[in-house]
Amino acid sequence: VQLQAFGGGLVQTEGSLRLSCAASGLTFDRYAVGWFRQAPGKQREFVAAIRRSSSWTRYADSLKGRFTISRDNAKNTVDLQMSSLNPEDTAVYSCAARLNTIDFGTDFRNSRNYDYWGQGTEVTVSS
């Protein structure tokens with residue numbers, strides 16, 4: 001199983017960026033996917049999650065309205081559209097996957113509940 005996150009880069013404050021997570025080696029539509037981020041000197045934090053069905057999505061409260069998660073099961077990808085970025089969004093963003101079980105609905109914020117991780121892509125927001 002491989003997950004690869006890409007699309008990071010340098011963006012100015014109030015700019016937008018779209019990250020993608022490409023998965024291989026698994027039956028993608030059986031898996032839920034989460035995005036996490038880790039800023040320098042800080043703990044990893046939950047960003048967004050999506051179940052196998054795109055109708056179910058969840059976001060960190062502080063990011064609602066600015067970030068949108070989506071998926072394309074035909075392409076085995078999950079995207080994270082980020083807008084109105086600010087320097088506090090600077091971090092390494094990683095995607096992770098786990099089977100879309102019933103308990104995912106309560107477990108999705110905890111990074112320890114994911115089985116597969118991508119290597120992360122770095123996002124830097126300049127002021």
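The protein chain carries 15 positive and 12 negative side chains, and the centres of the two sets lie 5 Å apart. In this count Lys and Arg are positive and Asp and Glu negative, with His and the chain ends not counted; each charge is placed at NZ of Lys, CZ of Arg, CG of Asp or CD of Glu. The model is predicted: local features need pLDDT of at least 70 and side-chain atom pairs count only at pLDDT 80 or more, while totals for chains, interfaces and linings use all residues. Residues are numbered from 1 along each chain as its sequence is written, and side-chain values use heavy atoms, leaving out hydrogens and water.

**Overall fold**

- The C-alpha atoms fill a box of roughly 40 × 25 × 25 Å along the principal axes.

**Burial, surface and contacts**

- Of the 127 residues, 46% count as buried, meaning under 20% relative accessible area (1.4 Å probe, protein chains only).
- Among contacts (heavy atoms within 4.5 Å) with a separation of 6 or more, 61% join residues 24 or more positions apart.

**Asp89**

- Asp89 lies in the loop between strand 8 (77–82) and strand 9 (91–99) and is buried, with a relative accessible area of 1%.
- Its side chain makes a polar contact with the side chain of Arg66 at 2.8 Å; such a contact is a pair of N or O atoms within 3.5 Å, and within protein one must be able to donate a hydrogen and the other to accept it, with residues adjacent in sequence counting only if both atoms are side-chain atoms.
- Not counting residues up to four places away in sequence, Asp89 touches Arg37, Leu63, Arg66, Phe67, Ser84, Val123 and Val125.

**Trp35**

- Trp35 belongs to strand 4 (residues 31–38) and is buried, at a relative accessible area of 0%.

Methods
Buried means under 20% relative accessible area, exposed over 50%, partly exposed in between (1.4 Å probe, protein chains only). Helices (H or I, at least four residues) and strands (E, at least two) are DSSP runs, numbered from the N terminus.
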